[in-house]
Amino acid sequence: MVKVLFFADSHLGFDFPIRPRISRRRRGWDFFNNYQLILDTAVEEGVDALVHGGDVFFRSKIPMPVIQKTYEPLLPVLERGIHMFIVPGNHERSRLPASPLFRHKNFHLFDRPRSFPMEMNGVDVTWSGFPNIRHNIQQEFPTQLNQIGFGSTPGALSILCMHQSIENALVGVQNYTFRKGADVIGRDQFPDYLDLVLSGHIHRQQVLRSTSGTPLIYSGSIERTSFAERLETKGFFILTLSKHKIEWEFRALPARPMYQWTLPSNLLDRHHLMRAIQAEAQELPSDAIFRIRSGAEKQLDILKISELRNELPESMNVDLIPLAGRTRSTWSAYSD
Ligand SMILES: [Mn+2]
């Protein structure tokens with residue numbers, strides 16, 4: 001049996017300014033804390049492999065301290081004999097910043113379509129993957145599979161690691177469903193020689209099936225990156241694999257509660273607005289992420305975000321946003 005920990009979309013560096021202009025609670029640590037919890041779990045449970053499905057970082061230009069904080073805790077994991085596999089995601093523009101870690105014998109990066117065949121506890125496993133492809137994956141997918149070149153070890157367990165959208169994936173509080181399209185892999189596009197597909201990119205954890213029955217697993221993001229994820233449980237998967245049986249179990253991680261609230265549109269003076277906001281905030285957990293939406297355009301001229309932050313608990317993250325319909329939102333925010 002092979003034991004695997006699978007996680008994805010850690011978005012390290014999210015709200016983690018190196019030289020912040022103002023001092024307020026940042027969300028950056030929420031992500032680093034869950035990242036460390038995952039690495040600790042991998043060691044405590046003695047997994048054989050740790051898979052990151054991509055979007056390790058929040059963006060492609062990453063400050064050195066964030067790179068160091070990300071890579072440093074990996075060395076003790078690799079030294080324990082745990083094999084690590086990483087898929088570069090769209091947020092790092094399909095490429096991770098280089099590190100001496102990359103030369104560690106237990107570190108395996110899908111920096112191009114490739115596979116790493118190995119024997120683990122008596123099981124032959126072909127670990128394969130390719131970096132995120134931003135456009136036309138529907139057309140590109142068969143080419144990627146060809147370039148990987150499966151089949152060198154007959155009878156091996158074939159695992160594909162990637163960072164893409166798949167038909168039928170669900171996102172957002174309204175259950176938006178991905179349909180087949182140029183940037184979405186169809187469920188009928190997965191060849192039946194694949195035993196398991198592990199993917200990042202979709203931030204809601206879920207397990208789909210290919211047309212031929214292969215489990216297609218999204219671990220989801222390790223913390224909420226947007227309000228679209230406010231109802232989702234965050235976490236990772238522990239899998240046990242043999243050639244004849246694949247089992248998985250979702251493990252939840254702590255995630256900050258998110259609340260969105262619209263100001264009553266009849267309140268148009270500072271005093272009453274502040275009183276209403278404070279009354280609302282008192283009902284929330286002290287570490288909430290609290291998004292206040294204006295109910296009337298004028299309210300944004302009256303309220304200052306810096307004043308709001310002063311009046312509400314420091315342990316909260318507070319945001320003030322315009323009237324509904326005045327902000328542009330796209331589905332990309334849900335599968336980011
Ligand atoms: Mn992502």
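This is a predicted model: local features need pLDDT of at least 70, side-chain atom pairs count only at pLDDT 80 or more; totals for chains, interfaces and linings use all residues.

Visitor: Fine. Which domains does the assignment give?

Guide: The domain assignment gives domain 1 as 2-252 and domain 2 as 258-321. Their C-alpha centres lie 37 Å apart.

Visitor: And how many residues are in contact between domain 1 and domain 2?

Guide: On the domain 1 side there are 10, and they're in contact with 11 residues of domain 2. Together the two domains bury about 930 Å², with carbon and sulfur atoms giving 61% of that area.

Visitor: Which residues of domain 1 lose the most area to domain 2?

Guide: Those are R25, R27 and F227, which together make up 67% of what the domain 1 side buries.

Visitor: What classes of residue does domain 1 put against domain 2?

Guide: Seven charged residues, one polar and two nonpolar.

Visitor: How many salt bridges across the interface, then?

Guide: Zero between domain 1 and domain 2, going by the rule used. For polar contacts, the count is two residue pairs between these domains.

Visitor: OK, switching topic. How many aromatic pairs are there?

Guide: The count comes to 18. One of them is F141 with F190, an edge-to-face pair with 5.2 Å centre to centre and 65 degrees between the planes.

Visitor: Where do F141 and F190 sit in the chain?

Guide: F141 is in helix 4 (residues 137-148). F190 is in the loop between strand 11 (184-185) and strand 12 (196-200). They're 49 residues apart, so the pair links distant parts of the chain.

Definitions and conventions. Residues are numbered from 1 along each chain as its sequence is written. Side-chain values use heavy atoms; hydrogens and water are left out. Domain bounds come from an automatic or database domain assignment. Contact means heavy atoms within 4.5 Å. Buried area is the accessible area (1.4 Å probe) that two parts lose on being put together, summed over both. A salt bridge is a side-chain nitrogen of Lys or Arg within 4 Å of a carboxyl oxygen of Asp or Glu. A polar contact is a pair of N or O atoms within 3.5 Å; within protein, one must be able to donate a hydrogen and the other to accept it, and residues adjacent in sequence count only if both atoms are side-chain atoms. Ala, Val, Leu, Ile, Met, Phe, Trp, Tyr, Cys and Pro count as nonpolar, Asp, Glu, Lys and Arg as charged, and the others, Gly among them, as polar. Rings of Phe, Tyr and Trp (its six-membered ring) pair if their centres lie within 6.5 Å; planes under 30 degrees apart count as stacked, over 60 as edge-to-face and the rest as tilted. Helices (H or I, at least four residues) and strands (E, at least two) are DSSP runs, numbered from the N terminus.
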